[in-house]
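Here are my notes on the model you sent over. Have it open while you read, and go through the points in order.

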Amino acid sequence: MFLSPADTLEKLEFDKILKLLEKHALSEVTQSHIQDIQPSTSSQSIFYELTRVHQYKLAFENNDVLPIRTFKDITEHLDLLKIEGYVLSEEVIISIFDQLLIIRDILNFFKEERKTKYDQLYRLFAKVEIDHSLLNAFEQIFDEEGEIKPNASPTLVKISKSMKSRQVELDKRFRIILTEYKAKGWLTDIGESIRNGRRVLSVRSESKRKIRGIIHDESATGNTAFIEPDAIVQINNDILDLMTAFKKEVYKLLRDLCTAMRPFADDFVTYQKLLVKTDLIRAKALLAISMDGEIPNLLDQPKLNIKIGHHPLLLLKHKKEIGETVPFTLSFKNGNRILLLSGPNAGGKSIAMKAVGLLQVMVQSGMLVPADANSEFGIFHQLFVDIGDSQSLDDDLSTYSSRLKNMKLFIEKANERTLVLIDEFGSGTDPQMGGAIAESILKELNFRKVSGVITTHYSNLKIFVFKARGIVNGAMLFDTDSLKPTYRMKIGRPGSSFAFEIADKSGLSKRILDYAKYKSGKKAKAIDQLLVELQSEKKALEDELEEMKLREKNLERLIRNYESLQLDMTVKKKRMKLENKEKELQDAASDNKLLEKVIREIKEAQNLQRAKELAEKKRREKEKLKEEVTELKETIFYKDATAEEINKGDFVRLRTGGAAGKVLLIEKDIASVQIGQMRMSIPIRDLTRAAEPLAINPQKGIQTDVLKKAASAETNLDIRGMRRNVALQVVEEFVDTAIIANVDRLKIIHGRGNGILKKAVWEKLKEYRDIQRIYHPDFEAGGDGVTIIKL
């Protein structure tokens, strides 16, 4: 995202959001990455990141969390590992294998049900593999606490036994000496100590010549000498030699382990990147939980539709202080893109404007936001901000000159993918001229189809917006009774500055206020009031027009539905008549046996003429039924059907229904059609064009056709945790497959939640005419968290 000026994110206080995010990160390497976060312009990347954060949030709330823990940065050590013969320290090796163990635990976490429930999180690790021989090699050397095992090799076993034996002997002899010299009063109160890695006696200075041994050290006061008695010198030497041998053997083991690890150095780099990514997702999820963040609907177009939004930092502050944060809703209608926000000072204009920018930056940085889940956020490629004092001493620019410089850049770069946030638009110079320049700039920005929020006090801008398309007035409401701001935003009417009311409350004398009112004249107040009334009337008319358009749309839909239902009824009546006639035809065929019996009886009675008459009568009745069936088929399937040209390679289906197939060959009026594994010859008049059958997903690596897919159709579907649009695609394919497979009952598990997913599923199911009934099972079977479909 292109940002102007360079400190745009700081002006919106996004840096404070990143500081909060850092506190939730487990690793220092993740914290360093957080400071580099920039808003993205890739709708696909943003969608995947938002979905992963949302899924991690759901997992955390359900106490079903990925097993990730603190890990250390190993990047620079991996470069050294690649050097042939280089041996890493124990601490670094433990850090590497700790990351490997975390990766193993995460892979074990994703069982079959979790792969579906947290599909986007699983995608991060779907192709990751670990070499278990490395884990085995590590576990052979280190214990669970990260310490070298005494039995890591046969040599270490031998050395460890010798060390233990000599240590036991040392303890025994030292205890005897300690007891003896304490009894003689030669030792200090502590009795013993460790110096240079050797066990020594703590001897009073006046007694140090009474004990034979090596003096290793003396206290700072000279009152205590630390002596190793001759009787244990050799034992200590033996222990020291054994410790040296132990270290050499450990070095050898670590060298062999590093040799085994070296081919996997690049894999270790990948593992750390994955852990950093997962840690960042975790931090974003925890931050979302702290501020009641939700995943909004993401649109790959410039759009703002924020419902019940909050300023994140203000929300967190008020949560801490147990205060109330007033939400806002920013929803544009009738092609509007820019909100001109006016109202009294300290009424919340700047906070609302900054909140819009901050929420937009957070969404494009892959963070959930404190707004209703039905909010819609588009993708902007540029963000231009003009907030606060922009005076520049280096460039010798005043505040107003600096702001005009910003406006020049905004106009040159602005396009429909630009979000503009301007505070106190037009201020900093003479109101009349500043207002005129601001109006001209606003006109140009609107011409370039930018989106944004602009705050102002200038009446000429409010009037301009009233007449302009693409821009709408908005107000921060003010309680005129208590003379206090309500911090509530209302779109569709301009706001008043309430300057005289606020001045009166501040304690200015009546004489001063009367003179000010006299100088301002009555027109200023009248213009503001007139503008409010006109804007209200305009909004009422726009709302009425919108309602009429909606009614007209609904009426057209009802007419289409009625016509469709009427046609269906006509076809159904004809089909019923056809079925009855076909049944009569079948009954007539079944009567042949009875006829034959009668003929036999007649033959026996030698009345051949009567037998011929009965046979002819039955034949005529059967022929008549055949004609009626043929006529009904013509009426139902061919009479109203438009002639369609069918060519080789087209996809077709029978007019009477059934699976779709591909035309392989046409000879005269007969088409050879491949349907699944079957090849059939069908008259062209019995065929109608059809859509290409569902394509098989190449990522699954399965080669099949519609018939095989139908044969293995599932009857249960779990869409909990899915995004609305993803869930609807899955449901559509699920129901289509079931219909092809002639399944008569389906079950969809969507959960209760806030009911959004259930509502979307029911709306989707109502599009199918093959569905006879949609209902919820009993409470014990899932209640309104489950939908049953009868086909």
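Predicted model: local features only at pLDDT ≥ 70, side-chain atom pairs only at ≥ 80, totals over all residues.

1. Let's start with Ile94, which sits in helix H6 (residues 90-109); helices here are DSSP runs of H or I with at least four residues, strands are E runs of at least two, and both are numbered from the N terminus. Ile94 is partly exposed, at 25% relative accessible area (buried is under 20%, exposed over 50%, partly exposed in between, using a 1.4 Å probe and protein chains only).

2. What does Ile94 touch, leaving aside neighbours within four places in sequence? Its contacts (heavy atoms within 4.5 Å) are Phe138, Phe142 and Gly146.

3. Residues are numbered from 1 along each chain as its sequence is written, and side-chain values use heavy atoms, leaving out hydrogens and water.

4. Now helix H14 (residues 349-364): 14 of its 16 residues are buried, so the rest of the structure largely encloses it. Just after H14, Gly366 has a positive phi of about 80°.

5. On to the open sheet: its 7 strands run E1-E11-E12-E13-E9-E14-E15, with mixed pairing (a pair needs at least two DSSP bridges). Strands E1 (2-4) and E15 (484-491) are at the edges with a single partner strand each, so one side of each has no neighbour in the sheet.

6. Strand E14 (residues 471-479) pairs with E15 in the antiparallel sense over 5 bridges. Across that pairing, Phe478 stands opposite Pro485 in E15.
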